[in-house]
Amino acid sequence: MDCTRNELSKEIIQFFKSLGIDVHTTTKALGHQGFFRLNRIDISKDIKPERVIPTLIHEFSHYIIYKKKPLCKDFYPIFKTDNEAIYNELQKVTNLVDKNSTLEKLYIQKNNIKDTIAYHEKIIKKKYPDFKRGKEFKPFIKFSRFSDVRYLLKHDAVKVLHWFNYKTYSIINIENEFPDMPEEFISYLKLRSCQRKQTSITRRIRKLNKYYNEPTELFARFIEGLYLDNDKTKNIAPNTYKIFMQLFNENYYNPLNKLFEIVNIQI
């Protein structure tokens, strides 16, 4: 961190502490870049130097709304309106501020898995044209009844006890571990594995979308956006900015105005 940036971050932290906020910079911030809870702000000790100030601004924005309404679940306590345009604009600002918020990598993974499932389904249907993904595959059940391969139906890797020894099996090495198993059954197990991964990714996408679209998170990234790229943030969120400025000039977000002075956000 260069000297100027370091001095500025120290000034910001000192300002936070003057408000009675407990600030910590030597934790892992619960695995995030930063974290706000109750009257405490944590900034991860592993954060990149250029992310320290934006993260301090972000977490302080949570503090501002927390003072308004500790359990804020809608836009009204933040902007005194639930205008739908605000939500749409703030989604764009979030994508500007945090490239990961588009979840592009997860959607690519999900599409790749979808293609892989279709590939294995095609192999299975060569011999079993009536195969349905959502129904029990009786030919495999019959084949695997007395084989350890049945354990891979629900798990990608298993350790099976045989008398006093363990045998380890995995989807990755299935061809080597069960060399006599027909191709269509191998594809069936790989298809089931892909379905588990697909479910996991879908769950993660749902969880992240819920997080990124929480009103307090959208607001925090809007404030962060005003610092990182003031002009672009104003341009892509004109309605939000207009409402924000009206309330800002009424000191509704006080003491946010003091933080803007410290970091020189021009509004």
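Ser170 lies in strand β5, which spans residues 165-170. The structure is a predicted model.

**Ser170**
- Ser170 counts as buried because its relative accessibility is 14%, and the cut-off for buried is under 20%.
- Apart from neighbours within four places in sequence, Ser170 makes contact with Leu152, Asp156, Ala157 and Glu177.

**Nonpolar cores**
- The largest nonpolar core comprises 47 residues, and Phe16, Phe79, Phe244 and Tyr253 have the most contacts inside it.
- At least two residues of this core come from each of α1 (3-18), β3 (40-44), α2 (52-68), α3 (76-79), α4 (84-97), α9 (215-228), α11 (238-249) and α12 (256-263).
- Helix α2 gives the most to this core, with eight residues.
- Phe16 touches Ile21, Val23, Ile41, Leu56, Phe60 and Leu259, when residues up to four places away in sequence are not counted.

**Largest pocket**
- The volume of the largest pocket is about 1500 Å³.
- Its lining consists of 41 residues, and those nearest the pocket centre are His32, His62, Tyr211, Glu217 and Arg221.
- Two or more lining residues come from each of β2 (34-37), α2, α5 (104-127), α8 (183-212) and α9.

Methods: Residues are numbered from 1 along each chain as its sequence is written. This is a predicted model: local features need pLDDT of at least 70, side-chain atom pairs count only at pLDDT 80 or more; totals for chains, interfaces and linings use all residues. Side-chain values use heavy atoms; hydrogens and water are left out. A nonpolar core is a set of buried Ala, Val, Leu, Ile, Met, Phe, Trp, Tyr and Cys residues joined through side-chain atoms within 4.5 Å. Buried means under 20% relative accessible area, exposed over 50%, partly exposed in between (1.4 Å probe, protein chains only). Helices (H or I, at least four residues) and strands (E, at least two) are DSSP runs, numbered from the N terminus. Contact means heavy atoms within 4.5 Å. On a 1 Å grid over the protein atoms alone, a cavity is a set of points where a 1.4 Å probe fits but cannot get out, and a pocket is an open set with protein on both sides within 12 Å along at least five of seven lines; lining residues have an atom within 4 Å of a point. Grid points are joined across faces, edges and corners, and a volume is the space filled by probe spheres set on the points.
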